[in-house]
Amino acid sequence: MAKLYFKYGAMGSSKSAQALITKFNYEEQGMRCWLIKPSVDTRDGADIVASRIGLSAHAEIIAPEDSIGKKYQAAGWCDVIIADEAQFFTTGQIDELRDIVDTADIPVMCFGLRTDFQTKFFPGARRLMEVADSITEIKTICTCGRKAIVNARLDAEGNVVTEGAQVMLGGNDRYTAMCHRCWTEKILRQREKQE
């Protein structure tokens, strides 16, 4: 029986690498994968899913106005759908993925962030938390050794940013995974310096 999976983790937790490894595993068994990603994610190229460890593959781009259901029908038959950066899909697109699981009886594996740099849900991630059959955390660690759960946004001087647009693309140059304790302590230290 097919399921909708949400595998989430903080920045640098190997989500994209795991998505690409999953794709490889299905294809090694002769199965067809439909790899998709939201159009907002252009860091490694518009139609590329890439990991920090060097794995990459071409993906179909899904714009916010696109119907994933219609694109799925146009793509033809597949054994599994693998979605990278799923937090950037709209809630309606997540519902379409849920519908594909139920009607086509194929697994849909979504990989992405749960929360933004302010520790607030992305709309797509919130919907996945509501409707996914299986929710798995992909763990990574803070520099202190504790589990990282915050995607801390950094400015050019390495200060934690707490205001701004929810979506701002970047990698290690702009974000770092931190535990909640280190994140709040760094923000407090920054405020003390400003006073």
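Asp 133 counts as partly exposed, at 41% relative accessibility (the scale here: buried is under 20% relative accessible area, exposed over 50%, partly exposed in between, with a 1.4 Å probe and protein chains only). This is a predicted model, where local features need pLDDT of at least 70 and side-chain atom pairs count only at pLDDT 80 or more, while totals for chains, interfaces and linings use all residues. Residues are numbered from 1 along each chain as its sequence is written, and side-chain values use heavy atoms, with hydrogens and water left out.

So what does Asp 133 pair with? Its side chain meets that of Arg 98 in a salt bridge, 3.0 Å from N to O (a salt bridge being a side-chain nitrogen of Lys or Arg within 4 Å of a carboxyl oxygen of Asp or Glu). Asp 133 sits in the loop between H4 and strand S8 (134-137), and Arg 98 in helix H3, so this pair ties together parts that are 35 residues apart in sequence. Helices (H or I, at least four residues) and strands (E, at least two) are DSSP runs, numbered from the N terminus.

Stay with Arg 98 for a moment. Arg 98 is buried, with a relative accessible area of 14%. Its side chain also meets that of Asp 102 in a salt bridge, at 2.7 Å from N to O. Here both partners lie in helix H3, four residues apart, about one turn of the helix. As background, side chains of opposite charge can pair when their charged atoms come close.

Now look at another pair, Asp 95 and Arg 127, whose side chains form a salt bridge of 2.7 Å, N to O. Asp 95 belongs to helix H3 (residues 91-104) and Arg 127 to helix H4 (residues 123-131), so the bridge ties together parts that are 32 residues apart in sequence. Asp 95 is partly exposed at 32% relative accessibility, and Arg 127 is partly exposed at 24%. Elsewhere, Glu 60, Asp 66 and Lys 71 are linked in a network of salt bridges. A search of the whole structure turns up nine salt bridges.

How do H3 and H4 sit against each other? Their axes come within 8 Å and cross at roughly 35 degrees (axes are lines fitted to C-alpha atoms, for helices over the stretch in contact, and angles run from 0 to 180 degrees between N-to-C directions). On the H3 side, the contact is made by Thr 91, Ile 94, Asp 95 and Arg 98; H4 brings Pro 123, Gly 124, Arg 127, Leu 128 and Val 131. Contact means heavy atoms within 4.5 Å. Sorted by class, there are four nonpolar, two polar and three charged residues in this contact (Ala, Val, Leu, Ile, Met, Phe, Trp, Tyr, Cys and Pro count as nonpolar, Asp, Glu, Lys and Arg as charged, and the others, Gly among them, as polar).

On to the loops on either side of H3. Glu 85 is placed in the loop between strand S6 (80-83) and H3, and Asp 105 in the loop between H3 and strand S7 (108-112). Most residues other than glycine have a negative phi. Glu 85, though, has a positive phi, near 55 degrees, and Asp 105 also has a positive phi, near 55 degrees. Glu 85 or Asp 105: which is buried and which partly exposed? Glu 85 is buried, with a relative accessible area of 9%, whereas Asp 105 is partly exposed at 49%.

Thr 22, in helix H1 (residues 15-28), counts as buried at 15% relative accessibility. Leaving aside neighbours within four places in sequence, Thr 22 touches Ile 82, Met 109 and Phe 111.

Last, the cysteines. A search of the whole structure finds zero disulfides (a disulfide is a pair of cysteine sulfur atoms within 2.5 Å). Cys 179 is in no disulfide, and its nearest cysteine sulfur, that of Cys 182, is 3.5 Å away, which is too far for a bond. Cys 179 is buried, with a relative accessible area of 3%, and Cys 182 is buried as well, at 15%.
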